[in-house]
Amino acid sequence: MDLNISFGTKKNTFTNSVFCGIICGNLRPEARASLNQKVEGKKPKRKDNRYHKTKDKLVETFGGKCGICGYNKWNRALHFHHLDPTQKDIEISKLITQKKPWSMILKEAHKCILVCANCHSELHEKS
Ligand SMILES: [Zn+2]
Ligand SMILES: [Zn+2]
């Protein structure tokens, strides 16, 4: 088998990267679109620093640790769990995402306990 292929005037050795270039380049537009979607669907490209700043501040305000097991290593693994679901107006994360005023976020957070992701899922399993 001849592993040498040519692009225009250039001669290239058939390496993995060239191979990928050919495969990707030959994808039908709809297949390529679905590939792109998969990549984009994974994670938001832009880190929303403002979100995490507000979340960090809120976590600190509420003691900075899980109210059940005391976990305090990573703020992002700490969640606000509504003690009484009937009192719940909106998710805390949504309030932050929607850039609601701090007072509104605090008011909603007062209906919650701060728990880590593990304890949070346990709470939901048991309820
Ligand atoms: Zn916990
Ligand atoms: Zn919850």
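**Helix H3 and what lies under it**

Helices (H or I, at least four residues) and strands (E, at least two) are DSSP runs, numbered from the N terminus.

Housekeeping: this is a predicted model, where local features need pLDDT of at least 70, side-chain atom pairs count only at pLDDT 80 or more, and totals for chains, interfaces and linings use all residues. Residues are numbered from 1 along each chain as its sequence is written, while chains are lettered from A and ligands numbered from 1 in the order in which they are written.

Next I looked up the buried residues of H3, and they are Thr54, Lys55, Leu58 and Val59. They sit on the same side of H3 because they cover an arc of only 135° around the axis (taken from the directions from the helix axis to the C-beta atoms). Among the elements covering them are strand E3 (78-82), helix H4 (92-97), H5 and E4.

**Into the core**

Which residues touch the most other members of the largest nonpolar core? Of its 14 residues, I list Cys66, Leu78, Ile92, Ile105, Leu114, Val115 and Cys116. Such a core is a set of buried Ala, Val, Leu, Ile, Met, Phe, Trp, Tyr and Cys residues joined through C-beta atoms within 7 Å. E4 gives the largest share, four residues.

I then checked Ile105, which is in helix H5 (residues 102-109). Ile105 counts as buried because 22 other C-beta atoms lie within 10 Å. Beyond neighbours within four places in sequence, Ile105 is in contact (C-beta atoms, placed from the backbone, within 7 Å) with Leu58, Ile92, Leu95, Ile96 and Lys100. Leu78, on the same terms, contacts Val59, Cys66, Leu114 and Cys116.

The chain averages a pLDDT (the predictor's confidence in each residue, from 0 to 100) of 80, and 62% of the residues score at least 70. Confidence is highest in strand E4 (residues 112-116), at a mean of 98, and lowest in helix H1 (residues 16-26), at 47. Over residues 12-23 the pLDDT is below 50. Where pLDDT is low, the predicted coordinates should not be read in detail.

Conventions:
Buried ≥ 20, exposed ≤ 12 C-beta atoms within 10 Å, placed from the backbone. Contact = placed C-beta atoms within 7 Å.
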